[in-house]
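Here is a short briefing to read alongside the model. It goes through a few local features, topic by topic.

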Amino acid sequence: MPKVVVIGAVGKSVSMDVDKFHVGGETIFAKNAHGEFGGKGFNRAVASARQNVETVFIAACGAEDASAIESLFEAEGARAILVKREGEQSDFASIITDAAGTTHVTVFQGAALKVEDVASFREEIASASILVLDNEIPEEVNVAAAEIASAHGVKIILNPAPYRPLGERMKELVDIYTPNEFETEGLESVRGEVVGTLGAKGCVIRSSGVVVPPVDHGKSVDTTGAGDTFNGVLAARLAEGEALEAACLAANDAAGYEVTVRYVLPAIPRRNKV
């Protein structure tokens, strides 16, 4: 059975719409406010689950948030396996979107996974088809998880966001990188495939030079979560055995829809919706 395991961050977020972004020390007023759980890994896991593929999300969180996160994934037909940190806060993000649909995101990093946590997830990782990682997680945690995956023939997708230089061991383990146009530094000669996301222009597969076109679902109103949707759908489709180009097209399709709906969770499409 296809199975996607996502290791990532989770926390609360507040989204606000503004006419324009701040200039200098300016105070501006938002037109509304919307709170929800989020995080790159969290969003990707939801996107994968909504493709009707078995999905497991692994993260650390503040203990007081664990029940709500677990319930949310249960409602999605997926599982959340959480390291519950007593006395710590979960991540928190402030997401501000202007009238053009551009977003500025500020993140507080709270409870985090540690290397010693990874051993308890060994069976989940080893039984996956795809392991999805990103740079919101400490690199030593990613390496420990990727070594388990590699030893069991599990393909590894790394979204190198937010950008940081990658260690040589991480580069040896990753099968597919999914950088945006600003996250490609250091990936010039990596062993794995590189699928570069190009926003409204689609994505490009480095090994073949094929540009996979975007799918236009209408006016973009909120780009938050588009990259996460792309990665989650890509992982789900690859887990099912789709060829890379076809999986990229499905991911572009989902991301193209996601940007037409405000906020993240309401925007991530279900498989039969796009």
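E188 counts as exposed, at 57% relative accessibility, where exposed means over 50% relative accessible area, buried under 20% and partly exposed in between (1.4 Å probe, protein chains only). This is a predicted model, in which local features need pLDDT of at least 70 and side-chain atom pairs count only at pLDDT 80 or more, while totals for chains, interfaces and linings use all residues. Residues are numbered from 1 along each chain as its sequence is written, and side-chain values use heavy atoms, with hydrogens and water left out.

**E188 and Y263**
- E188 sits in the loop between β10 (176-177) and β11 (193-197); helices (H or I, at least four residues) and strands (E, at least two) are DSSP runs, numbered from the N terminus.
- Between the C-alpha atoms of E188 and Y263 there are 34 Å, with the two residues 75 apart along the chain.
- Y263 belongs to the segment after α8 (244-258) and counts as buried at 14% relative accessibility.

**Backbone details**
- Y263 is not a glycine, although its phi is positive, about 70°.
- N52, also not a glycine, has a positive phi of about 65°.
- You will find N52 in the loop between α1 and β4 (54-62), exposed with a relative accessible area of 64%.
- A161 and P162 are joined by a cis peptide bond, with omega about -10°.
- P162 lies in the loop between β9 (155-159) and α6 (168-173).

**Helices α1 and α7**
- The axes of α1 (residues 40-49) and α7 (residues 226-239) come within 7 Å and cross at roughly 45°; axes are lines fitted to C-alpha atoms, for helices over the stretch in contact, and angles run from 0 to 180 degrees between N-to-C directions.
- That angle makes α1 oblique to α7, since under 35 degrees counts as roughly parallel, over 145 as roughly antiparallel, 65 to 115 as roughly perpendicular and the rest as oblique.
- On the α1 side, the contact (heavy atoms within 4.5 Å) includes K40, N43, R44, A47 and S48.
- On the α7 side, D228, T229, N231, G232, V233 and A236 take part.
- α1 is mostly covered, with 9 of its 10 residues buried; among them are F42, R44 and V46.

**Cysteines**
- The structure holds 0 disulfides, a disulfide being a pair of cysteine sulfur atoms within 2.5 Å.
- For C203, the nearest cysteine sulfur is that of C248, 4.0 Å away, which is too far for a bond.
- C203 is buried, with a relative accessible area of 0%, and C248 is buried at 0% too.
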